[in-house]
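Here's a quick briefing for anyone meeting this structure for the first time. Have a look at it below, then read on.

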Amino acid sequence: MSKQTSIDDLFGQARATEPYFKDQGFVSRVNAKLPMVRKVSAAQESAISVVAAILGCTVAYQFVSINELVALIPNKVTLTPISLLASSGLISGLAYWLAEHKRSY
Amino acid sequence: MVATDQALIERVAAQGCRDSFSTLVERHQSDLRYSLRQMTGWDEALADDLAQETFIKAFQAIASYKSNAKFSSWLYRIAYNQMVSHYRLARNREISGIDETVAKVAERKLGGDYAEHELHQDLARAMQQLPTQQRMVIHLYLHRQLTHQEICTIMQIPLGTVKTCINRGRATLRELLSSWQNEDLA
């Protein structure tokens, strides 16, 4: 018997006597960890958001005049150390959240 | 009538049917858990954790499954990736001194049913001496009897690498399992 055949025979023996592992709760453990299935697809979700936004804008348009909204836009911005710190903190936080969110998916 | 794997997969992909997926898990769990025990030096807990993760990943990615491959082959591919990630993380932890050493892990590996699965556990322990890639190739080729081409597809490595892994793996196992060959197969 060649050496190569011996190793192959050993694996053959293992194959022939391979144990069958009973479920023993394995399937239910997998089931419990399965992520929830989305009832609505991503495309449908986006469509619903767009329709809701259009509806919201239409309703808002009835109650608030354009001139009043334009008047709310600031025409002068003053940069202070506190506002700089706050905005850089906000941007860093957002960047961190995006990076983490992307990694976990 | 028993539903085929393909029919079940289509149901899972289209409707997210958990019952169909449970049937798939039930059908393939034993083979996958055995293979992972062989890959992990018969560490039952680790093998079952990896098998669990493999099925969860399979569920999440079922839409990307292509029916030209066997479902089991696709599972092996996910399982192999899971295993590689696990050992990479474990190595990093070991280097940084957070985790227990490989020797300590090896000590707790053999379960109480050693006599029952003696050959299988000895094979698993010998396989543990091989690099991860070689171990998987050897298992798929010698135990699961997949073709070179199937192994290339599952592991996404060139044909030459598969052949080299088989030759080197055989040579190493020949030395490690010499006692088995002399006692049982001479």
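Let's start with how surface is counted: accessible areas come from the Shrake-Rupley method with a 1.4 Å probe, and for residues only the protein chains shown count as cover. By that count, chain B exposes about 9,200 Å², with carbon and sulfur atoms supplying 49% of it. This is a predicted model, where local features need pLDDT of at least 70, side-chain atom pairs count only at pLDDT 80 or more, and totals for chains, interfaces and linings use all residues. As for bookkeeping, residues are numbered from 1 along each chain as its sequence is written, chains are lettered from A and ligands numbered from 1 in the order in which they are written, and side-chain values use heavy atoms, leaving out hydrogens and water.

**Chain B**

- Chain B has 10 helices and zero strands, where helices (H or I, at least four residues) and strands (E, at least two) are DSSP runs numbered from the N terminus.
- Of its 186 residues, 47% are buried; buried means under 20% relative accessible area, exposed means over 50%, and partly exposed is in between (1.4 Å probe, protein chains only).
- Take the contacts in chain B (heavy atoms within 4.5 Å) with a separation of 6 or more: residues 24 or more positions apart account for 60% of them.
- Helix H6 of chain B (residues 118–127) is largely enclosed by the rest of the structure, because eight of its 10 residues are buried.
- Among those buried residues of H6(B) are B:His120, B:Gln121 and B:Asp122, along with B:Leu119 and B:Met127.

**Chain A**

- Chain A comes to five helices and zero strands.
- Here buried residues make up 11% of the 105 residues.
- Chain A exposes about 8,800 Å², and 67% of that comes from carbon and sulfur atoms.

**Where the chains meet**

- The contact draws 29 residues from chain A and 37 residues from chain B.
- Together the two chains bury about 3,400 Å², 65% of it on carbon and sulfur atoms; buried area is the accessible area (1.4 Å probe) that two parts lose on being put together, summed over both.
- On the chain A side, A:Phe11, A:Phe21 and A:Phe26 lose the most area to chain B, together 23% of what that side buries.
- There are two salt bridges between chain A and chain B, each being a side-chain nitrogen of Lys or Arg within 4 Å of a carboxyl oxygen of Asp or Glu.
- One of the salt bridges joins the side chains of B:Arg170 and A:Asp8 (2.9 Å, N to O).
- Helix H1 (3–16) and helix H2 (26–33) of chain A each supply at least two residues of the side that touches chain B.
- The largest share of that side, 11 residues, comes from H1(A).

**Two residues with positive phi**

- A:Gln24 has a phi near 45 degrees, a positive value in a residue other than glycine.
- A:Gln24 sits in the loop between H1 and H2 of chain A, and is exposed, with a relative accessible area of 65%.
- B:Trp42 isn't a glycine either, yet has a positive phi of about 60 degrees.
- B:Trp42 lies in the loop between helix H2 (18–39) and helix H3 (44–60) of chain B, and is buried, with a relative accessible area of 0%.
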